[in-house]
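User: I am new to this structure and would like to learn how to read it. Could you walk me through it step by step?

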Protein chains: 2
Amino acid sequence: MYFSKAFIPILKNNPTEAKIKSHKLMLRTGMIKQSSAGIYSWLPLGFKIMKKIEKIVREEQNKIGAQEILMPTIQSSEIWKESGRYDDYGDEMLRIKDRQNREMLYGPTNEELITDIFRSNIKSYKSLPQLLYHIQWKFRDELRPRFGIMRCREFYMKDAYSFDINDDEALYSYNKFFLSYLRTFKRLTLTAIPMAADTGPIGGNLSHEFIILAETGESKIFTDKRIFDVEYDQTTVEKKSLEDLRKKYEFFYSVTDDKFDKQEFEKKVSSENRLITKGIEVGHIFYFGDKYSKPLNASVDLPGGKKDFVKMGSYGVGVSRLVGAIIEAKYNEKDEIMKWPLSVAPYEVAIIPMITKNETSNLKKAEKIYKILNSKKIDTILDDTDENFSSKMKKFNLLGIPYQIIIGKKSDGDLFEFKEIGKDPENLSIDQIAKLINNQKEQI
Amino acid sequence: MYFSKAFIPILKNNPTEAKIKSHKLMLRTGMIKQSSAGIYSWLPLGFKIMKKIEKIVREEQNKIGAQEILMPTIQSSEIWKESGRYDDYGDEMLRIKDRQNREMLYGPTNEELITDIFRSNIKSYKSLPQLLYHIQWKFRDELRPRFGIMRCREFYMKDAYSFDINDDEALYSYNKFFLSYLRTFKRLTLTAIPMAADTGPIGGNLSHEFIILAETGESKIFTDKRIFDVEYDQTTVEKKSLEDLRKKYEFFYSVTDDKFDKQEFEKKVSSENRLITKGIEVGHIFYFGDKYSKPLNASVDLPGGKKDFVKMGSYGVGVSRLVGAIIEAKYNEKDEIMKWPLSVAPYEVAIIPMITKNETSNLKKAEKIYKILNSKKIDTILDDTDENFSSKMKKFNLLGIPYQIIIGKKSDGDLFEFKEIGKDPENLSIDQIAKLINNQKEQI
């Protein structure tokens, strides 16, 4: 992509309406545009990042055997009346009357709808387990939407649902998602800690939030520092291996403020290991047994001939929210330097030639490199504008494309100034640069 | 995928509520499930097909230089009041009041919202043309939703918008989409004919519908048969080449009933070339100049220093509707045989072993083949159930996976019975089968 053709409307200064760094950077670099309170359009830069996050989330769901479906955004109130949540849900549910005066709503979550799909189609324990997920827009009518896409009204979310024959199997499904979430966040280069959490309006008695540390986070967390060292690279999707992983995490005290108990914290965690800080919730998993299957009458035939309500869990990842969470974790606001993880970067490398009206030889060099990198399937942006060089560099530090090829006074024959954001530049040939980037990509 | 693990809830018989073949087949093969009137969930089989169509639509948009964004589903009424369409749009617009009693709506189309994005960010002719598109859920509150996803309320659509400095450039943008649509439908193996059409609530004075022939279509069409022979393989995205293409099409009379004029038809088309039939609209493009940019005050600085309203067009493809349209075009209902185009098939090949409770050697063979095909990146489904063989074959004829490997009595050493739906079987080795399928894939 040539920068002059790209629809990336960059602001000269930080927008005054934004309070937290992700909101500031997303407006500043033209990733999003607010269309009404708590509702945003995603412009090309933000859209590309969100799509790459979505792809990683999807791949990790598929790896544990979950199957993708797609439920609609608009639901009938009827199933919510069956489950008893229609009245419970309160004003955050966007309630709608259609032209025939039927009560509809914009789904804030999908336990009811997926249970309806299940009960219409699955009748026997032989078809279990079932792990189904979808990635779809949700709406929660927040009273005071704020912080950009971090606490907005219309948001993009992956929600998965598991259906099992009994508690034991259901916990096995729960643990599969537990591992899959750790792997997902790792590919986004985030350290997310699973923490025992309250179940809120979803219900049930077992729940973990996945939290990444960030000063701007809305969740207060109390944890044993050593939890950051728990290893899961060797864990497999076998029952025993997953149980061991859960035990390793549960050995350390780690809760959000809903579940905080000062006495317990101080008893279980020696003072040097205590960490009280803030974080951002990026995933939340729940086990709630027959909370929905019972009122909605979703039962299966058991081996002996009896019937029982299917045991369910649900598992959410905020896909649009992760865009902001990554910025909160990675953006150096003081120096105005962002670096996107290569796995979700909007472009993999930026070619930044120094161009003046009378001197376009650098642009010609840049165009040559651009063609070579494209032919090697490296997603490249070339800044072909005649903006002055120091503003260009400032702009690209905000855009956060992880690699830069700078073509200015220092480029020397076949060697070019190559820079990974935050590191020292070095002089490399195009072949070396392409090899380096493609090697990094293989490790995502 | 093993069939026993896949969530593909197949019905034994045609559902009685469905009237047209796409609706019947989609319910019968578990592609969709209705959740409320005119609102559907997409189950794995239908979802995979829709995603593959989406990918092709996206690639063809990108090829003409359009950039992808994503606008929200819920819009404020304010911009619709600015354009004057808030009152015009009638009951098909799903109107919503949020908790603060603000008037919102579920977007039936996005001319207003995209114009708002444009006017906030683009100020100069130097940034033109801009071609922006998104693929998003829309809602039209049909009074009588019917025919499954063909005339439903919540539907998935690609809509693109072009912004240009003057009529001449705007027509160039229009023609780019014209070509891109022909290419898109061709990759879906559909013959879509562009026809002069009314502009309806979108407005403007130039519009084409892209129609595929189908008896169940809702559009009546009047055309010169020779239009089917117009060639566009040599057309490029150059201005002149695109103009020539438009002329070639416009040489032939071809309209929908809104524009039909009996006298003109009979004068321009000799009786042996007249075709009066029905079709399904799969795309619709519009040029409407400053219809939205004027009331919404979206203007740009011109070269001389003056300002003018930007000239706009819009371009829609019904992504979810195309799933049904392909079935209407390809499904042989009498013999109950469907064949998905390889480009969008839910799986590329099905391995169908004859299995009984006492004889599982065919299953073992099938599993071996399955591994080999997966390693060659062929998307394969293996029917590991012990359903009797003739129901299996009946089922796979409905599922429409274009290639079948049948492992029964006839398989002989290293050769297997390989069948392309609708053609005679032949005995081939796995290597030959893999090569044949991968060759076909390269041509998509």
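Predicted model: local features only at pLDDT ≥ 70, side-chain atom pairs only at ≥ 80, totals over all residues.

User: What average pLDDT does chain A have?

Analyst: pLDDT is the predictor's confidence in each residue, from 0 to 100. Chain A averages 95, and 99% of the residues score at least 70. The model also scores ipTM 0.96 and pTM 0.97.

User: How many helices and strands are in chain A?

Analyst: Helices (H or I, at least four residues) and strands (E, at least two) are DSSP runs, numbered from the N terminus. Chain A has 12 helices and 21 strands. Its radius of gyration, taken over C-alpha atoms, is 24 Å, close to the 22 Å that the globule rule gives for 444 residues, so chain A is as compact as a globular protein of that length. That rule is 2.2 Å times the number of residues to the power 0.38.

User: Which residues of the two chains meet, and how many?

Analyst: Two residues are in contact if their C-beta atoms, placed from the backbone, lie within 7 Å. The contact takes 38 residues from chain A and 38 residues from chain B. Elements of chain A that each supply at least two residues to this side include α2 (44-63), α5 (111-121) and β7 (130-139).

User: In what order do the strands of the open sheet in chain B lie?

Analyst: Strands of a sheet pair through backbone hydrogen bonds, either parallel or antiparallel. Here two strands pair if DSSP finds at least two bridges between them. In chain B, 5 strands form an open sheet in the order β18-β17-β19-β20-β21, with mixed pairing. β18 (380-382) and β21 (426-428) of chain B are the edge strands, each pairing on one side only.

User: How many bridges join β17 to β18 in chain B?

Analyst: Strand β17 (residues 349-353) of chain B is joined to β18(B) by 3 bridges, and the two run parallel. For example, B:Val349 has B:Thr380 as its bridge partner in β18(B). Helix α10 (residues 361-375) of chain B packs on the sheet, touching β17, β18 and β19 (403-407) of chain B, and its direction makes about 165° with that of β17(B). For such angles, axes are lines fitted to C-alpha atoms, for helices over the stretch in contact, and angles run from 0 to 180 degrees between N-to-C directions.

Note on methods: Residues numbered from 1 in each chain as written. Chains lettered and ligands numbered in written order.
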